[in-house]
Amino acid sequence: MPLATVFDLDETLVDSSASWQRVLGTVAARHGYAWTPADWAAIQGTSTAHWSTYLARRCRTVTAEAVVGECVDGMVEAIRDGRVGLLPGAADLVAAAAARGPAGLVSASPRRYLDAAVTAFGLAALLRVTVAGEDVERGKPAPDPYLLAARLLGVAPADCVAVEDSASGIRSAHAAGMTVLAIPNATTALDFATLELAHHHAADARIAAKTLGILAG
C-alpha cells in the first residue's frame with residue numbers, strides 16, 4: 001500500500017499555464033522573437049534546461065541562463081500579484097496526503113520559482129521534500145526526479161503515489177516505479193498511450209483527493 005505522495009506543481013496543484021505562456025512570450029519579444037502556440041507545445045512539461053535552451057536558440061541574442069532568470073523574475077512577480085494561484089481543491093489534496101504519510105513535490109521548474117510558489121500558497125509545512133529542475137541531471141521524462149524524491153523521503157518508489165498532469169511527468173513517475181495518479185491536462189487527455197501508464201485518473205484535485213483516500217485504505 002503506498003505510504004507517500006509526491007506531487008507535480010504546475011497545472012497539477014497550481015494554475016500557472018497562462019502565466020508561463022505570457023512570461024515566455026514577453027521574454028521572447030524582448031529579444032526579438034515572436035512566441036507561438038507551437039513553441040509552447042514543444043516545451044510544455046520539459047526541463048528548465050530544455051525550454052531555456054529552446055528559447056535562447058530562437059532569440060539568438062540571449063543565453064539560456066539569462067532566459068531562466070528573466071522568466072523566473074516574471075513568474076515570481078505573477079505569484080506576488082495574484083495572477084498565479086492554487087487550482088480548486090489543491091490545498092485540501094496536499095493536506096489530505098500529508099495527513100496520511102510523507103508528501104513531497106517534484107517539479108521541472110526552477111528552484112526559485114518553486115520555492116516562491118510553495119511559500120506563497122502555504123504548502124511548505126505540508127511537504128517534507130521538494131525537488132526542482134536543477135536538482136537532477138536528467139529531468140522528466142527520465143525517472144531521476146522521482147527517484148530522488150523517494151530517496152529524500154526515505155521510502156521505496158513502489159511505496160509512493162505520484163500525482164501528475166503532463167505526459168513527461170507521468171512517464172517519469174512510471175519509470176521510477178511509482179503508482180501514478182493522473183489529472184490530465186488538455187494535451188495529455190488526448191495522449192492515450194501515456195494515460196495507459198497511469199494506474200488511476202482523476203478529473204481534478206477534488207476527485208484526486210478521494211482517490212488517494214481509497215488507495216490509503
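Which side chain makes a polar contact with the side chain of Ser168? Keep that in mind while you load the model, which is predicted.

**Stop 1: Ser168**

Select Ser168. This serine is found in helix 8, which spans residues 167–175. Now show side chains. The partner is Ser166: the two side chains make a polar contact at 3.3 Å. Is Ser168 buried or exposed? Ser168 counts as buried, because its relative accessibility is 13% and the limit for buried is under 20%. Next, show what surrounds Ser168. Leaving aside neighbours within four places in sequence, the contacts of Ser168 are Gly45, Thr46, Lys140 and Pro141.

**Stop 2: Lys140 and Pro141**

Stay with the last two of those residues. Zoom in on the peptide bond from Lys140 to Pro141. This bond is cis, with omega near 15°. As background, most peptide bonds are trans. Pro141 lies in the loop that runs between strand 5 (129–131) and helix 7 (144–153).

**Stop 3: Thr188**

Go back to Ser166, then select Thr188. Ser166 is one of the residues that Thr188 contacts. Where is Thr188? Look in the loop between strand 7 (179–182) and helix 9 (192–195). Thr188 is buried, because its relative accessible area is 2%. Display the backbone of Asp165 as well. Its backbone oxygen lies 2.8 Å from a polar atom of the Thr188 side chain. Beyond neighbours within four places in sequence, Thr188 is in contact with Asp165, Ser166, Ala167, Ile170 and Leu195.

**Stop 4: the cores**

Pick up Phe7 and Leu13. Both belong to the largest nonpolar core, which has 51 residues, and these two touch the most other members. Helix 4 (residues 64–80) gives the most to this core: eight residues. A second, separate core has 22 residues, among them Val136, Ala173, Ala176 and Leu195. Leu195 is also one of the contacts of Thr188. In general, nonpolar side chains tend to be buried together in soluble globular proteins.

Return to Phe7 and display its contacts. Residues up to four places away in sequence are not counted here. Phe7 touches Leu13, Leu93, Val94, Ala97, Ala103, Gly104, Leu105, Val106, Tyr146, Val163 and Leu212.

**Stop 5: Cys160**

Select Cys160, found in strand 6 (residues 160–164). Cys160 is buried, because its relative accessible area is 0%.

**Stop 6: helix 1 against helix 3**

Show helix 1 (residues 17–30) and helix 3 (residues 48–59). They pack at an angle of about 35°, and their axes are 10 Å apart. The crossing is right-handed. Which residues make the contact? From helix 1, select Trp20, Leu24, Val27 and Ala28. From helix 3, select Trp51, Leu55 and Cys59. By class, the contact has seven nonpolar residues, no polar residues and no charged residues.

**Stop 7: His31**

His31 touches Cys59, Thr61, Val62 and Glu70, with residues up to four places away in sequence not counted. His31 is found in the loop between helix 1 and helix 2 (37–43). With a relative accessible area of 18%, His31 is buried. Show the side chain of Glu70. It makes a polar contact with the side chain of His31 at 3.0 Å. Then draw a distance from His31 to Pro141. They are 110 residues apart in sequence and 29 Å apart in space, C-alpha to C-alpha.

**Stop 8: two positive phi angles**

Most residues other than glycine have a negative phi. Arg60 is not a glycine, yet has a positive phi of about 65°. Arg60 lies in the loop between helix 3 and helix 4. Arg60 counts as exposed, because its relative accessibility is 74% and exposed means over 50%.

Glu11 is not a glycine either, and its phi is positive at about 70°. Find Glu11 in the loop between strand 1 (4–7) and strand 2 (14–15). At 22% relative accessibility, Glu11 counts as partly exposed.

Note on methods: Residues are numbered from 1 along each chain as its sequence is written. This is a predicted model: local features need pLDDT of at least 70, side-chain atom pairs count only at pLDDT 80 or more; totals for chains, interfaces and linings use all residues. Side-chain values use heavy atoms; hydrogens and water are left out. Axes are lines fitted to C-alpha atoms, for helices over the stretch in contact, and angles run from 0 to 180 degrees between N-to-C directions. Helices (H or I, at least four residues) and strands (E, at least two) are DSSP runs, numbered from the N terminus. A crossing is left-handed if the near helix is turned anticlockwise from the far one by less than a right angle, and right-handed if clockwise. Contact means heavy atoms within 4.5 Å. Ala, Val, Leu, Ile, Met, Phe, Trp, Tyr, Cys and Pro count as nonpolar, Asp, Glu, Lys and Arg as charged, and the others, Gly among them, as polar. Buried means under 20% relative accessible area, exposed over 50%, partly exposed in between (1.4 Å probe, protein chains only). A polar contact is a pair of N or O atoms within 3.5 Å; within protein, one must be able to donate a hydrogen and the other to accept it, and residues adjacent in sequence count only if both atoms are side-chain atoms. A nonpolar core is a set of buried Ala, Val, Leu, Ile, Met, Phe, Trp, Tyr and Cys residues joined through side-chain atoms within 4.5 Å.
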